[in-house]
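Good morning, and thank you for joining this meeting. Please look at the sequence and the structure on the screen while I speak.

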Amino acid sequence: MLATSSRLGSHATTQGIRVDVAPSYMTEQSRPAEREYMFAYRIRIANEGDAPAQLISRHWVIVDAQGNRHDVEGPGVVGRQPRLEPGQIFEYSSYCPLKTPWGTMEGAFLMRRDDSSEFEATVARFYLAAPQDA
């Protein structure tokens, strides 16, 4: 597994499945005075390997600025369980509310090959950060 983190986003490749994340702050949906900060993130999953893989489930670990941890698990992503042939890409967007102006997310997608073998494609840690004037 190869993982890197940019200023806020992240990139990781596990068994040929590359996961890129680009987070952003949702100014219009946030209410800092009420300790409600909303963040969006865009996920790009690319099969850079030589075998198909299907995304079965997800596991997120969300930690806010006070160290509070919240785990989220469930089938697929945004109601889908995409199957990626070599060279295919699947993209989706979602959001994460926090009670603090910054936090982190990381996790994994459970992937299944055609031979029924499974592996976890890493989603490297990325940062959710409101602008300092928010």
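Two rings of Phe, Tyr or Trp count as an aromatic pair if their centres lie within 6.5 Å. The model shown here is a predicted one, and it holds six aromatic pairs. Let me describe two of them.

Tyr41 belongs to strand β4, residues 37-47, and Phe126 to strand β10, residues 118-129, so the pair ties together parts that are 85 residues apart in sequence. Both Tyr41 and Phe126 are buried.

In another pair, Trp60 and Phe109 have ring centres 5.9 Å apart. Planes over 60 degrees apart count as edge-to-face; here the angle is 85°, so the pair is edge-to-face. Trp60 lies in strand β5 and Phe109 in strand β9, residues 102-112, and the pair links parts of the chain 49 residues apart.

Are these two residues buried or exposed? Buried means under 20% relative accessible area. Trp60, at 4%, is therefore buried, and so is Phe109, at 1%. Tyr41, Trp60, Phe109 and Phe126 form one aromatic cluster.

I turn now to the largest pocket, which has a volume of about 250 Å³. It is lined by 19 residues, and the closest to its centre are Ile62, Val72, Tyr95, Cys96 and Met105. Which strand supplies the largest share of the lining? Strand β8 does, with six residues. By class, the lining has 13 nonpolar, three polar and three charged residues.

Notes: Residues are numbered from 1 along each chain as its sequence is written. This is a predicted model: local features need pLDDT of at least 70, side-chain atom pairs count only at pLDDT 80 or more; totals for chains, interfaces and linings use all residues. Side-chain values use heavy atoms; hydrogens and water are left out. On a 1 Å grid over the protein atoms alone, a cavity is a set of points where a 1.4 Å probe fits but cannot get out, and a pocket is an open set with protein on both sides within 12 Å along at least five of seven lines; lining residues have an atom within 4 Å of a point. Grid points are joined across faces, edges and corners, and a volume is the space filled by probe spheres set on the points. Helices (H or I, at least four residues) and strands (E, at least two) are DSSP runs, numbered from the N terminus. Ala, Val, Leu, Ile, Met, Phe, Trp, Tyr, Cys and Pro count as nonpolar, Asp, Glu, Lys and Arg as charged, and the others, Gly among them, as polar. Rings of Phe, Tyr and Trp (its six-membered ring) pair if their centres lie within 6.5 Å; planes under 30 degrees apart count as stacked, over 60 as edge-to-face and the rest as tilted. Buried means under 20% relative accessible area, exposed over 50%, partly exposed in between (1.4 Å probe, protein chains only).
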